[in-house]
Amino acid sequence: MTFLDDSKNNKHVDTLEENYKISTGGNWNVFFKRLIKKKLGMISLIIIIVMYSAGIFAPIIAPYSYTEQNLERSLEGPSQDHWLGTDRLGRDMYSRVLYSIRTTLIVTFAVIVSGSLILGTALGLIAGYRGGTTDTIIMRIGDVFASLPGLPLLILVNAALSPKIDQISIWIDSNTFINDFQASGAASYITIFFALSLFSWVSSARLIRSQILSLREKDFIMAARSIGMKQKRIIFRHLLPNISNLLILLISSSLGAIAGSEIVLTWFGVGVQPPAASFGQMLYAGSGTRTFQTYPHLLLVPAFFVTLLMFAFNILGDALNDVLRRD
Amino acid sequence: MNSKKFFALLLTILTVLVGIVFGLTLLLRITNQQPVENIQNIGSEPASILKLAGSEPNTLDPHLMGDANSAQYASEIYGGLVTITPALEINLDLAESLDISEDGLVYRFKLRENIFFHSGRKVTADDIKWSFERAASPELNSNTSLTYLADIIGFKEKRFGLASSISGITVIDKSTIEITIDSPKAYFLAKLSYPTAFVLDYQQIEANPRNWTRKPNGTGPYKIKEWRLSEKIILESNSSYHLGVPNIQMVEYQLSGGSVLTRFENGEVDVAYISTSDIDRVLDPNEKLNKLYKQSTSFTTSYIGLNINQAPFDDVNVRKAFASAIDIKKVTDLTFKGMTPQATGILPPGMFGYDSSIKTYSFNPEKAREYLSRSKYGSAENLPTIVFSDIGAGAEGSTDIQAYVEQWKTNLGVNVNIRQTDAASFFADLDLKKMQMYSIGWILDYPDPENILDLKFHSQSAENNENYSNFEVDDLLEKARIETDSLKRVEYYQEAERMIVRDVPWIPTYFSVTHYVVSDRLKNWLEPSIIIPRLRFASLQEK
Amino acid sequence: MLVYTIKRLLWIPFIILVVTFFTFLIGRLGPGDPVSVAAGQIRNPILLEQVKIEKGLDKPILIQYFKWLSSAAKGDFGESYIYQGYSISELIFPKMWISAQLGMLALLVVFGLGIPLGLMAASLHNTWIDPFIVSLLLFFRAIPVIVIIPPLLWLFAVHWSLLPVGGWEGGIFDIYWLYEVIAIPILNPHVYLPVFALSIGGFGGVARLVRITALEIKNEAYITTAKSKGLSDTKVMLGHILPNSLLPLVTVIGFALVGILEGAFFVEVLLGIPGIGRFTFEAVKSRDYDVILAMTAILSTVFIIINLIVELLYTKIDPRIQLDEGIDG
């Protein structure tokens, strides 16, 4: 249900974007000062930063490789050698947690860049600047995505897609110079980026479009236009810098939803593929009733980190929304 | 905002919403389901109910089924000419007597007088012929019928639509039927115990071709009283069963629900299987469960198949290297906690023809590397990309396969990629012999070595998924088919098995042992090595 | 308003068309061969050709799609691959009924528990209870369903043996349908765990929203006026604050339903309840494309309609929101 709430958050932003006033559009300082005042929000930010850096430096920090097996020592509880115990294959849980954070980081980052930033900005710009039919078509497609049940649909679409992706990656291995494409598991990441991006561009596109619509009427844009500046130049020199901060904050508030979606997709077996580490896989491996009874650490370890991460994402999202909505 | 107005609106909307959903579902329920008998009164009956955890059968059409779960239900509901007893002997079921001709080609069955369908209609020889022809009909498009019944003359022709009836089956009179097969095969009778040869009621099927499996009319010891999709299947004993009326009147399979062992401990089911998570606790003599714990072997061999037509497994030395580089014993002991014994050959122990002196390649990393260097590829770097296919779509791959892949990496320096696929495309690829290596198991259908050695390793067999071809092995298997002296037959099979093990088309991994607990009140519960009707032997003892 | 409603209604078929077409395309095109799946193990080329023609797989993809669409519109989604002998619609609707019973109860709990909690927190704003409730809600929001079920199950079913270990035994009293609709879901011990798990995140959201709006209203002028007139706190709370803080809840109904549906996937899988979530999970696991396709179509339809109703409802209640803004503005 967490994941629901995040997507709700996300959607909530959708309905409220129109309320963001352009007056604060470029005022980074105002936002930042307000954010600093949110104690819980700042704590969450620090938690996220700490966990993300742990993910980035996982290869350095992790005492073991996430694939390293030691069958003699499987299913052990926490000990000095294995701080958080080991899983069924005797892999170090602590190292797997670090690498799972890394997976979360990669997925959130990639989806935000590809979906919200590139796709969202581009479509928002086109819609806002061109107007007319182009605008209608893009925004209506956005409405389609906004009104669909995101996560269940992602699971279904990914399930239909993944065998095909699989076959394509085997084809790439045997027919091109790339050899370990299948083994690298890159294909499953690409599927996730693609699927999540489909649903994540809408809010940023709507924001950009609405800002452009109101900016167009602004004095300085009018002035720029009257001295004969080109459209492109107006967009990139004046419009984008004006709204980039707003966009970053808006996007950050949807981090939790993206991270949660990856975990759920993997849990369903349509996300990141083994042996890659993911919280979805760890939770799945530990979630049997009898497994939990006998080896509770298999579930409790990933559960703690996921809950902490979701907690931080939720509160940060709330704080950012508050900051943005204040006007 | 006017709060009263709002409230009224909110209430109306909610009521309408709830009303629509309830109304729609009710409507669907009324239109979709036949009226169900009120089963409340079952509880008030004196006879007690055996409660088992089960899973939904894929189908209850015995001519279509190919999975063990469905076959378990079918074996209780239907019957054929012959059946297999708990002692794994072939016994007559619908037939009263059997005459086999001198040349071993013609089987003449005389039917019993007291055989009836659950509906009460008497079973005749025509019913049996009709059932065989249904199993062979191209319209039914059964996946399994050719494997089990193609020995009957004319069966293949009918299956491929070249003939309108099976020429090898003749109805002599109302209670006599004759089946002619293509060559004298000692195991043919055993094949008739498989669900593809079960007898069905043509009246029911013709009257209701789409939905008859929901309450099928068979000849078995139990009949379906109720099947609530995904909830439960209730079987009721057939009070006129010709081989003896079952002791337990009512059997309930619970199709939904969580952990079976927990339900067992809460008294919700009578039998539960033990998983690796619980085995330590069950084996502890201080635990209550320990006294109820039992185990039995099942005739199943799990293996890693190596496709001989695909590089790099076209080289026997690569196959030997892969077989010697994995420590199966360690995996069974540590990952499976010793619950599944390591497979040492192809035939499981206890099987007719099992020979303990046949040994697969043992774990030896040095030898493995030597084999690899002796192969035409020379070293790990020269091997092409290797993909290991495994059924599964879960978030986590099979534990043992992940362990083997790691061992190949450390002991041979070979990178093996795991590809998880769904069962449907796995079996399609298996048939097309497209996969390089894969893990799967073979559950024996009847206790004869032919069911595994001939079926899986004869170069002409459709089930030979590894493209294994060895003339000497083929020769031995063909000799064994028609050998009437059973001692000699066994020798042929053992010789063949020894050669197959040496050529490594399979890396046999595990034999199977069933670990289970049975409640105090359930007596004579059977966990046989193959699937046979077993419910009628059990009994319930009330305190 | 009417024009807008019609405009939106016209959108529905279009959206469903787009979504199902893409799913259809993914399922049918590409390397995975639907013929070999349909044909099973038979490798005889003549038979393969027969199966192909029989299932209409030799026709162009657009024709296949429209054929599927026209039968789907009549409620026929084809045959299930996993459950042979059953049509998909025969399987889906009874399972939907099970999920719907759980979902309705969960919705009741979400609002029934969320509203009082939110009001309580708001009315005790200056005591320790408010922050306590708020942090509790934050915790419930953050903890995923996948995480909460195994411990709950262990505690209630194994450790205390109070509740059954999942499973489903509903609708025994088919004849007394009224009884079934009203009493069975409540009296049935099988529903307690799933309903709790389903509503755990949702009621936090509702409570949070109620609390925030109630606090806002509390500071508004007319409340102060009412209080100064001598109305008791309880009366103010029930008569003024409560009705007004319920307004934003309308928007949440849609989201709560989405959440319950998403939760149903995990709850039903982990508790072994034969509802639509587990059915979908099984279909996903065995890549039963026709079921996946049917579920995509049904889910999209249901949600587009729910979203539309919520949106219309909201505009009806809050006239400040202008309808066309979201579309053409």
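Student: What share of the residues in chain A is buried?
Tutor: Count neighbours around each residue. Buried means 20 or more other C-beta atoms within 10 Å of its own, with C-beta atoms placed from the backbone. Of the 327 residues in chain A, the buried share is 52%.

Tutor: A word on the source. This is a predicted model, where local features need pLDDT of at least 70, side-chain atom pairs count only at pLDDT 80 or more, and totals for chains, interfaces and linings use all residues. Residues are numbered from 1 along each chain as its sequence is written, while chains are lettered from A and ligands numbered from 1 in the order in which they are written.

Student: How many helices and strands does chain A have?
Tutor: Both are DSSP runs, numbered from the N terminus: helices are H or I with at least four residues, strands E with at least two. Chain A comes to zero strands and 15 helices.

Student: How many residues of chain A are in contact with chain C?
Tutor: Two residues are in contact if their C-beta atoms, placed from the backbone, lie within 7 Å. Chain C brings 48 residues to this meeting, and chain A brings 41.

Student: Which element gives the largest share of that side of chain A?
Tutor: Elements giving two or more residues include α1 (2-16), α6 (132-147) and α7 (150-175) of chain A. The largest share is twelve residues, and it comes from α7(A).

Student: How many residues on that side of chain A are nonpolar?
Tutor: Ala, Val, Leu, Ile, Met, Phe, Trp, Tyr, Cys and Pro count as nonpolar, Asp, Glu, Lys and Arg as charged, and the others, Gly among them, as polar. The side touching chain C has five charged, nine polar and 27 nonpolar.

Note on methods. A residue is buried if 20 or more other C-beta atoms lie within 10 Å of its own, exposed if 12 or fewer, and partly exposed in between; C-beta atoms are placed from the backbone.
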